[in-house]
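Please go through the structure below with attention to its side-chain contacts.

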Amino acid sequence: MSEQGESDPEAGAPTPAATDRDRSEAITELAKRRGFFFGASGAYGGVAGFYTYGPQGASLKDNLESAWRDRFTVRQGNYEIEAPTVMPEAVFEASGHLDGFDDMLVECPECGTSHRADHLIEDATDIEDAEALPIPEVEELLREHDVRCPTCDAPLSDEPVEEFNLMFETSIGPGSGQAGYLRPETAQGIFVEFPRLKEYARNQLPFGVTQIGPAYRNEISPRKGLIRVREFTQAELEQFIDPETDEPPLEEVEDVEVTLYSAEAQADDDGEAYTTTVGEAVEDGTIGSPWVGYYLGVAQGWYERVGVDPDRFRYRQHLPGELAHYAADCWDAESEVDGDWIEITGFAYRGDYDLSKHADHSGESFTVFKQYDEPRTVERPTVDPDMATLGPEFGGAAGDVAEALETLAERDPDAFDAEEVTVEVDGEEHAVATDTANFSVEEVTENGEHVTPHVVEPSFGIDRIVYTLIDHAYETDTVDDEERTYLALDPELAPTHAAVFPLVSNDDRLLEVADGVVSDLRDAGLSVTYDDSGSIGRRYRRQDEVGTPFCVTVDRDGVEGDGEPTVTLRDRDTTAQVRLPASALAETLASLRAGETAFDAVSEAYERVD
RNA sequence: GCGCCGUUGGUCCAGUGGUAGGACAUUAGCUUCCCAAGCUAAUAGCCCGGGUUCAAUUCCCGGACGGCGCACCA
């Protein structure tokens, strides 16, 4: 992915890289100092890849999850579940996570290439299943056979062999109980429960199941703060569809503008991301799956709603080599942070891969029975072999012969026109009298069929989106010749909805009114903070830094009039203020938060303060 | 996992073979009627383990954590 986000080495000072670095450091510092996020378990030296969200961050993340739930669960009419984070080994045998990740790797000291140690042993010896050997033995074999790096021929005999499986293993129950793994994606918790979930959906396709929760990957090298971590939160939707008949309501999103970075554009040296509409991109085949196109459109609106900067956002198509073997088409949503493009969501058409795998491994049914409008009568060639004849004639092979006859009847019914038919079992040909096979063509009534649904999966990385929101909201400006840092978070997402200040703390009237305002607003369900410490400007700055969109200040003018108390309401981004009755606050703030009103409208309705 | 660099109050930094200093922040009191910088005081720190030394925050080794590059990221 070297084509992504690299800075131009020939750019003049200050280089974009340096600027991005400074900005990234400033954001990390703010996140630590103000309680958005920080490395976990610091008292014990910390552990890479694990982060604690502080008070501001936990609230921001919670608000983001609520916004996701609102859009992808509630508004889509989907079902949300909560599955365990630990699941037994069999689940991951079926999903392919176990095999795919249990590699013994040895790294070449000269050229740095990693090789499968078990494969090298298999090549150098006549051992067939080296993967089953314990690591010390593999290391010993590397020494014995003086194995060398296939790439550069450097000796690997003294190199350590590492086992890399990205799943965290644990044991369930006491002693050497059952092996379990922390889920590497929330999706498996949905797939595994499909047989029951389809009952809740009353066996009707399409339906969607969502889950928000933690997933775990034992990353080799966690990096870049929240971007590469070992425990993270996913919000996933598994949309189950009938591949034959279900089509997305594309008309809802066909006019949504999206920035696409197609596989074709990526392959082309001059290729660039370009803007189009969902409808056009599906129409011209750039987006291969209408269902994927539909969710790209839905998600676009959601990203904008929660505060992702559309100018630093794009959909990137997976290159042919990147595609999982079961995926027909896959797009990533990417945001630009610190000069890099990072994947924040994957949109994949997974076909029936997952459900089929679980059906094979579990023996359960992962299908939906689709009833026809009218029962269908079909002619079905069948055999009913006379086992009393076949048994004595073929002995132990009789069962296989009967089975072969059934297969032949389905495949080539005309063969039974002859006096006898010949079937092959284990390479041996057996002739059977047609009479013995009891061939007939029956009329069968079929009321429907079992369909293995296909899956469309939008999979969101919540932590990366949280980081994106902070990065895209981070602004500096100048107010009264003082530099100011603020987070222009959307009011819906901001950790604190409003802060309430008495302008000065030596006037009991102001304190009383401020107390009352705080109670009112909290009763109205708003998250409110109170602060009477330090100069008013300092208190505004504190709130600016954590992205509180509105500050309420109680001043003497507001309590000395004849009528009810008035207060001033300050807008974070512009620092503009209006004066309004304290009694109107709760409704006004709720409306501002919901996005039903803009501050400008409030500003026009009331008296501006300069 | 490899290489280079780093780790000192909450944050950002300075500094020293004899256990440390600033700025900002925080707290208390005073002051204070609208945008971080008034006054006084207080709280608070040398990443962890081992070694060398009379003495280690400082030097050496190892580890953890962080940044960058490489590898990895189903």
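A search of the whole structure, which is a predicted model, finds 0 disulfides. A disulfide is a covalent bond between the sulfur atoms of two cysteines. Cys330 has a relative accessible area of 8%, so Cys330 counts as buried. Cys551 is also buried, at 1% relative accessibility.

Cys551 leads on to helix α18. Gln543 belongs to this helix, which covers residues 536-545. With a relative accessible area of 8%, Gln543 is buried. What does Gln543 contact, leaving aside its neighbours within four places in sequence? The residues in contact with Gln543 are Ala499, Phe501, Thr529, Thr548 and Cys551.

The structure holds 29 salt bridges. Side chains of opposite charge can pair when their charged atoms come close. Another such pair is Arg556 with Asp507, at 3.2 Å from N to O. This pair links distant parts of the chain, 49 residues apart: Arg556 is in helix α19 (residues 556-560), and Asp507 is in the loop between β24 (498-502) and α17 (508-523). Arg556 is partly exposed, with a relative accessible area of 40%, whereas Asp507 is buried at 10%. In a further salt bridge, the side chains of Glu219 and Arg228 meet at 3.5 Å, N to O. Here Glu219 is buried, with a relative accessible area of 16%, and Arg228 is partly exposed at 33%. Salt bridges also join into a network, which links Arg23, Asp309, Arg312 and Asp471.

Helix α14 shows how burial can be arranged around an axis. This helix runs over residues 398-411, 14 residues in total, and reaches 20 Å from its first C-alpha to its last, close to the 20 Å expected at 1.5 Å a residue. Which residues of α14 are buried? They are Ala398, Val401, Ala402, Ala404, Leu405, Leu408 and Ala409. These residues lie on the same side of α14 because they cover an arc of only 160° around the axis. An α-helix has 3.6 residues a turn, so residues three or four places apart point the same way. On the other side of α14, Glu403, Glu410 and Arg411 are exposed. The elements that cover the buried residues of α14 include β17 (368-382), α13 (387-394), β18 (420-425), β19 (428-433) and α15 (434-437).

The structure holds 27 aromatic pairs. One of them, between Phe72 and Phe460, is tilted, with 5.0 Å from centre to centre and 55° between the planes. Phe72 lies in helix α2 (residues 55-74) and Phe460 in strand β21 (residues 454-461), so the pair ties together parts that are 388 residues apart in sequence. Phe72 and Phe460 are both buried. They belong to one aromatic cluster, formed by Trp68, Phe72, Trp302, Tyr303, Phe313, Tyr315, Phe347 and Phe460.

Key. Residues numbered from 1 in each chain as written. Chains lettered and ligands numbered in written order. Predicted model: local features only at pLDDT ≥ 70, side-chain atom pairs only at ≥ 80, totals over all residues. Heavy atoms only, no water. Helix = DSSP H or I, 4+ residues; strand = E, 2+ residues; numbered from the N terminus. Expected span 1.5 Å × (residues − 1). Buried < 20%, exposed > 50% of the residue type's maximum accessible area, 1.4 Å probe, protein only. Arc of directions from axis to C-beta. Contact = heavy atoms within 4.5 Å. Salt bridge = Lys/Arg side-chain N within 4 Å of Asp/Glu carboxyl O. Disulfide = S-S within 2.5 Å. Phe/Tyr/Trp six-rings, centres within 6.5 Å; stacked < 30°, edge-to-face > 60°.
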